[in-house]
Amino acid sequence: MLFAEQVLTPLSSGWFLENAWLIPVIPGIAFAMIILIGKRMPMKGSELGVISMLAALVLSVGAGYQWIQRVNSASEEQFVSPVIKSWTWWQSGGFEFGIGQHIDGLSVLVLLVVALISTLVQIYSLEYLRGDRRYTHFFAALTLFSGGMLTMVLADNMLLLLLGWEIMGLCSFLLIGHWWEEDVNSKAALKAFLTVRVGDVGLLVGIIMLYFTANDWTREHLGVSGFSIRGLSAWALSGEPNSTVIMIAAIALFIACIGKSGQFPLHTWLPDAMAGPTPVSSLLHSSTMVVAGVFLVARLYPVFFVGLDILGDGGNLIMIIGGITIVISAALAFVQDDIKRVLAYSTVSQLGYMMLGLGAGAWMPAVFHIFTHAFFKACLFLAAGSISHSASHHSFDMKRDMGGLRKVMPITFTTWIISTLALTGVFPFSGFFSKDEIIDNVGNNGYGLFMIIGLIGAFLTAAYMTRATYLTFFGAPRGASAGQSVNDVHDHAAHSPVAHGPHESGALITVPLIILATLALGSGFLNATPFGESWERMKLWVEPRSEVVVEGIAVASESVVVSKNYSPQSEEGHASSVCGSQTPETGVCYAPKLNHAPFKWPKAMISLMIVFLGMAISWVVSFRLYTKRDPKFVGLTQRVSVLRAGHKLLVNKYYLDDLYEKVIVRGIAYPIARTAYWFDQKVLDGIIHAVARSARLVSGWVYRNIDQRIVDGAVNNSASATKYVGGVVQPTQSGKVSQYGALLFSAAAVAALVLVIINT
Amino acid sequence: MFVNQFLFLAAILFCIGVYGVVARKNAVLVLMSIELILNSVNINLLTFSLRNGSTDGHTFALYIIAVAAAEVGVGLGLVLLVYRNKRSISVDDLSEMSG
Amino acid sequence: MNMLRENNWVLSVGTFLPMLGVVVLMLMPKAQDRAIKLIALVTSIATLAVGVYTAVIFDYGQAGKMQFVAETNWISVIKSSYFIGLDGISLPLYLLSMVITLLVVIYSLDHVPSPGKPKAFFSLLLVLQTGMAGTFIAQDLILFFVFFELVLLPMFFMIGVWGGEQRQYASIKFFLYTMFGSALMLVAFLALFVKTGAESFSIPYLIEHGGSIAKNVQIWIFAGMFVGFAVKVPMFPFHTWLPDAHTQAPTQGSVILAAILLKLGTYGFVRIALPILPVAAREWAPYIGGLAVIGIIYGALGCLAQTDMKRLIAFSSVAHMGFVMLGISTLTSFGINAAIFGMVAHGLITGMLFFIAGSVKERYHTLEISKLGGMLTQVPRLGWIFGFCTMASLGLPGLAGFWGEFPAILSAYNPAAGLNVTVFRVYMVIAALGTVLAAGYLLWLYQRIAFGTPKNNSHTGDGHHEKLQDVNTYELLAWTPLLIGILVLGIMPNLLFSVIDPAVQATLVVFGG
Amino acid sequence: MIAQNIGFWIIALVMIVGALRVVTTNNVVHAALWLVVVLAGAAAQYILLAAEFVAITQVLVYIGAVMVLFLFGTMLTRARIGAESDLNNSYKKWGIPVAGAMFAAMGIALVNSFGKEKLPDTAPVVTTQQISDQIFGPYLLPFWALSFVLLAAVVGAIVLARKD
């Protein structure tokens, strides 16, 4: 066992940090146990899932606490090295593949988010899915899903990251298709898996390219393989990599992120994924799965930084994709009637912000946005679930089955409003501190256009959320919410024993909502830039502080001593241009130097104004349109041709689904595959049949003329086997001279051609 | 004169003969096609004979003519016999062998 | 090549023990059904026991060397000898053949396909086992050829007698196809023999002297072997026998065909073609790689066009063996390691899928995908097992399939020195795209078969009245080892890699490291 | 030389046309007559190739004897003297590719082997004596064999054609 641990003498560590690898192992074990004995447990295995998540949460909190201690134990500007452990997983053909943990601020942050939200979602599901026919399976898949994300977050190398990544893909397939009796659901599951899988090709290619180009360097300088995340980060900033290769690799990896994080143009699976149970949507959209793509970019930031020339002149791929995604998905949210779909497009849009931030060099705000977004988005989804569970008979249709719910569901309403305000970025809710910071930093780094896109996005977000809020909680109750009985085809979970009219949900649902809403309200203060340096705790804890790490002499030795003042000896000089604050004369650098925009109230006021404007306009329009049925607004999209075209485009989701399903998938699955198969059957098999037929002719001739006439007299009796063959070929044996002539001469021609070709 | 002009003439005749053998139904016509083939061989023999300055080719050309004569004799005898028995000389009808 | 000769009886015993079983079976009266099954079961268990014993006493420290070597004169006229041995490459495949045979026998205890005749059926199974095991240990080309061909005959009868409606066509096609390949292969062997001075057919000897053959001659000899092995693999465009054979073969035949028989071809490449003719291998490698990636994409497209579940799985074999061949064509030890892992993984997974297809056929009396559906509601356990195998087959990390696929793709990024890097990188990307298609056809299959609600067709009755039996004991017994194997190899690939790796390194010495 | 060349091309053209007619005409008798043209052309080519004796033999044996045999054969089998519709069999479609393939093979071989090689300009005419020296000298054995073949053919033809 290769055991390489990095010990930095003055840095504190602790049991939780050293043994953080247990965190993903626990859900893994829990998964196996649920599968094996879950059905026989008193709560059908759900308790195992909840307990494992609680355990993971406790361990994560411990790790988070000790990480903060570790950071505090470091002196100012000192590099706080991640806690890395690795073991050999397998080796072959001179290659070695490891398994291990890599804990730094980013890991801890995401770890906490994932563990917390997974726990809450599981608790919520206890009530929400009560009586479901595959209750046990659901919890098994949910647990494994979290386990996959945790594995990915803690992975110290790309291969392990890939493992977690794919496990999530599998579980999303199972969870989205949880009610697979219906065709729509299983198709949505298939679509999710396949779309993500398309992106995964990029991940495979990227990992392979990075491995082969970086392996020598990382082996020499750090003694780790080219899969190691630490090694890749350092390598990318070393000035060593060929700019083309690293660019291609970064693009390939980013394609995977596009698929996973639902960025344009592969975002279409995300809204369809709403076919899964609501807790799944909540988990999938807040902290796991879709965040994985963003996480990957943040995790391997140096590779993207160098490969895609982040902070360079003009935009880069990540920003462009992020920017496009923000606007187009926000626009799509306006035409949705399904509350979950509104939230889904909102997620896509928010992920676009994260990508935009990462692409524009605003690493810290983007990562912070992962953190805050997870809480309020999870809360919104769970609130939507609460509504459908207790008020609207499992319908998610805002126009048909909701409205006026603020009185009957006060807790749900309050949490929803808090989360909505957080999402739209109203001060002092958490979204303000992260989203506004992204927009601010984008502008500060010189990308004015993208800042404007961000502001437009903020405007749209405020507007569509107001519309959804209005439709759901205000106005007159409609449909199921008004107590009408519905022929409920969506009734998968058995009816809760409670009364049928709309009512507030039980504690198992509201408590998670309250916790999440509290976090949505308060978590922003962890990095509250407006209040000065001392409030920027996240920046202190999470952002890689300094980058200068110089290798100890004994690279090969098991522990690598890292210290700030060690005298450097290598010569990768020009890496310093992107490297951190202290320009290293030499050495290894793990994170690029990034700027932070100073917070200015006027700027914040402008964006707040925009948000309020969006809310106000949307409120007025919604009120007129949905409550007053104002003839000026009703049917507007039908009357004005420009609007009609735009509306149609949005309703059809920019025709991307048509492109994928009708053109590409059908193209491959039908004509191309059929053609290939036709080729197989007619051409290849045809050749074989022709050969076989002529061989049978020849053999028939031989049989008749040589065997039967010459040999047969002697071996007549032993020829029964041959007779069988003869019997098989008999009908095709024409006995026609011309045919024999044709065969003879064609054989001669072929032979002659062969001879000619050989001799020339 | 090129060697090849004779050889190509022979090759063309040969291939036409092959076509005849394969495509014709009437036994007499098949025999005629075979004559074409034999003649093309003769042209080849004599061409090489001239090229190499030997007389071996002539000898063999004569032999081939003799063999061809014999072949035509026997062949036509067979055709007659077949005709007498089957009232047809179509080679397509001569498929006694297929069961 | 270094050799270890202790305990050299185990291989012969392990290989020919099934033949003893066959002899005993022959003496049994036909009617004694239970006794016949018992004898077959005992024989295959005993065989596996010998195999396990072999694996236990195998010196893993020297996995790169031939062990348990036995050599005696056999046909001295043509200088062929009975020469057997086992190294790290052979061991997993040798064991796999024994395990699969045992599982197939267990499965057959309950499922002798129509028209019955258990005596003949089990005899053929055991003969097949001897042939397969023998192929993996033969160190003499003639011996190899004999075993290689020995496999053919029982399979021919298995398809021809116990197969589906078009069994005659399929079996003859299978037979002629492979015979054609073997004929060329034999010619290649003879040419090799003559060109190295007509001294010996032993593989180590030929490895030593094969390099001295002139390059263009090597290329032609390699061509002969290539066709012989490629038909068996089967590589595009020699694969058309496979779907027919699989579709028509009885479940047991399909399983053995997929799990072991296909590996004979790839094993031949690794064991014979590459080390003996390194120069030619280098010339051929880009073409092999090209055909391999064509096979990957082509097989996947073929799958998408299928309406028959078993045929789909058969086509997926073409795609998977494409990955294996891609690994081999890189000529790097890493790639070949991946290929051998891929062989074992494919053996387990696709074998399992065919078992499932057999069970589906038995329950639903059809394999038409459009007539199946809702398997998870009717036979949930079978459905979940099927799902597990689907996931393994599409290369989910953590299951065995991934470690055959991913390293093969990885290795294509950096092929052996002297090969065109650009070409192989293009192959790599195409192969990576192949994984998407794989996910596509497998999940689509799964979605159509397992999800949804049961289709009411005449065969399944009204779906409600006739209760379909879920996985039964025999099936469970036969499948569990495979499922465990898939999982264990997925989590601990090193179990296999550490055995193969030294042997592969030793094999590739001829390529200069 | 030029005259000879011109002669060659004209005769060759005639021969090819004749040969094509032999295998395509719908009339058996016409076919036989076209064959005469080809055979005569061949005889002329033999002369160009300085093989007078062979040419004469060709005229005598082929055009004289063989053609008569053919015509007799045609008439004895009561073929219609005139156009017939189904002289071709069902394998006609095979004929062209097979012949084409053979021609391709031979063409490649010929071009590769002889290219622009020329025949000797002045070649002595081979005398009948030289030929007879050959036949009765080194090639005596084949000559005997051939004699037996002819004898056998004569006997065989009689046996076959005899009515009994």
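A nonpolar core is here a set of buried Ala, Val, Leu, Ile, Met, Phe, Trp, Tyr and Cys residues joined through C-beta atoms within 7 Å. The legends below describe a predicted model.

**View 1. The largest nonpolar core of the predicted model.** This core has 436 residues. Those with the most contacts inside it are Leu111(A), Phe304(A), Val367(A), Cys379(A), Ala520(A) and Ala273(C). Helix α13 of chain C, residues 333-364, gives the most to the core, contributing 19 residues. Another core, of 77 residues, lies apart from it and includes Ala10(B), Val28(B), Ala68(B) and Tyr62(D).

**View 2. Surroundings of Leu111(A).** When residues up to four places away in sequence are left out, Leu111(A) touches Ile23(A), Ser60(A), Ala63(A), Leu150(A), Val153(A) and Leu154(A).

**View 3. Helix α13 of chain C and the residue that follows.** The 32 residues of α13(C) reach 45 Å from the first C-alpha to the last, close to the 46 Å expected at 1.5 Å a residue. Because 29 of these 32 residues are buried, α13(C) is largely enclosed by the rest of the structure. Just after the helix, His365(C) takes a positive phi of about 60°, although this residue is not a glycine. His365(C) lies in the loop between α13 and α14 (375-378) of chain C. With 12 C-beta neighbours inside 10 Å, His365(C) counts as exposed.

**View 4. The interface between chains B and D.** Here 61 residues of chain B are in contact with 75 residues of chain D. On the chain B side, the elements that give two or more residues are α1 (3-23), α2 (27-52) and α3 (56-86). Of the elements on this side, α3(B) gives the most, with 22 residues. The chain B side divides into 42 nonpolar, 13 polar and six charged residues.

**View 5. The interface between chains D and A.** Eleven residues of chain D are in contact with eleven residues of chain A. The chain D side comprises nine nonpolar residues, two polar residues and no charged ones.

**View 6. Cis peptide bonds in chains A and C.** The bond from Phe264(A) to Pro265(A) is cis, with omega near 5°. Pro265(A) belongs to the loop between α9 (243-260) and α10 (269-272) of chain A. In chain C, a cis peptide bond joins Val233(C) and Pro234(C), with omega about -10°. Pro234(C) is found in the loop between α8 (215-232) and α9 (241-248) of that chain.

**View 7. The backbone at Ala50(D).** Ala50(D) has a positive phi of about 60° although it is not a glycine. The residue Ala50(D) is located in the loop between α2 (28-48) and α3 (52-76) of chain D. With 19 other C-beta atoms within 10 Å, Ala50(D) is partly exposed.

Technical notes. Residues numbered from 1 in each chain as written. Chains lettered and ligands numbered in written order. Predicted model: local features only at pLDDT ≥ 70, side-chain atom pairs only at ≥ 80, totals over all residues. Contact = placed C-beta atoms within 7 Å. Nonpolar A, V, L, I, M, F, W, Y, C, P; charged D, E, K, R; others polar. Buried ≥ 20, exposed ≤ 12 C-beta atoms within 10 Å, placed from the backbone. Helix = DSSP H or I, 4+ residues; strand = E, 2+ residues; numbered from the N terminus. Expected span 1.5 Å × (residues − 1).
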